[in-house]
Amino acid sequence: FVMIHLHFWLYALFGALLFHRLAVHCLIADTFSTRMADVKLTEEQLAPFKAGRAAVKANPEIVTASIAKLSPATREVATKIRNLVCSDEPDASKLAITIKGIIDALPEDVKKDYDAYNMEIAKALGLLPKA
């Protein structure tokens, strides 16, 4: 009986700790997303993003072909970002901040692959200055 009672209290304590951790995580995530939603980029900051977005929307086949060559982890992120870029979201600032948050949260190996892919796409779409 004592062991059952002890197990009950341990499970209850463990459950409370998990709930607390989840609640804290949600609070932090809500605070972050609220703060990020309030951030607005200037037109000067948004100009390169808008140019890239227009180029991707005009040439989706180039992006799709490049995504197919990526590793599975990088392909998933690149597809998600391509879908966001090609979406009908009118707030470019919100979209750019969301995409930056996705990229910043990537593991280093995936981020490195994504950055290389992003440079390849920028070259293919003519978005980089001529050397």
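At roughly what angle do the axes of α4 and α6 cross, and within what distance do they come?

Modeller: The axes of α4 and α6 cross at roughly 55 degrees and come within 9 Å. That makes α4 oblique to α6. (Under 35 degrees counts as roughly parallel, over 145 as roughly antiparallel, 65 to 115 as roughly perpendicular, and the rest as oblique.) The crossing of α4 and α6 is right-handed. From α4, the contact uses Ala 73, Thr 74, Val 77, Ala 78 and Ile 81. From α6 come Val 110, Asp 113, Tyr 114 and Tyr 117. By class, the contact of α4 with α6 has seven nonpolar residues, one polar and one charged.

A few terms first. This is a predicted model, in which local features need pLDDT of at least 70 and side-chain atom pairs count only at pLDDT 80 or more, while totals for chains, interfaces and linings use all residues. Residues are numbered from 1 along each chain as its sequence is written, and side-chain values use heavy atoms, with hydrogens and water left out. Axes are lines fitted to C-alpha atoms, for helices over the stretch in contact, with angles from 0 to 180 degrees between N-to-C directions. A crossing is right-handed if the near helix is turned clockwise from the far one by less than a right angle, and left-handed if anticlockwise. Contact means heavy atoms within 4.5 Å. Nonpolar covers Ala, Val, Leu, Ile, Met, Phe, Trp, Tyr, Cys and Pro; charged covers Asp, Glu, Lys and Arg; the others, Gly among them, are polar.

α6 has another partner. The axes of α3 (residues 60-67) and α6 (residues 108-124) come within 10 Å and cross at roughly 150 degrees. α3 and α6 are therefore roughly antiparallel to each other. Their crossing is right-handed. Ile 62, Val 63, Ser 66 and Ile 67 of α3 meet Tyr 117, Glu 120, Ile 121 and Ala 124 of α6. The residues of this contact divide into six nonpolar, one polar and one charged. Tyr 117 takes part in the contacts with both α3 and α4.

Between α3 and α4 there is a loop, and Ala 68 is found in it. Ala 68 counts as exposed, because its relative accessibility is 55%. (Exposed means over 50% relative accessible area, buried under 20%, partly exposed in between, using a 1.4 Å probe and protein chains only.) The C-alpha atom of Ala 68 is 9.8 Å from that of Ala 78, ten residues apart along the chain.

Now the wider setting. The protein chain has six helices and zero strands. (Helices are DSSP runs of H or I, at least four residues; strands are runs of E, at least two; both are numbered from the N terminus.) Of its 131 residues, 24% are buried.

How far can you trust this part? pLDDT is the predictor's confidence in each residue, from 0 to 100. Confidence is highest in α4 (residues 72-85), at a mean of 93, and lowest in α1 (residues 2-38), at 44. Over residues 1-34, pLDDT stays under 50, and the model has zero contacts there beyond four places in sequence. Where pLDDT is low, the predicted coordinates should not be read in detail. The protein chain averages 75, and 68% of the residues score at least 70.
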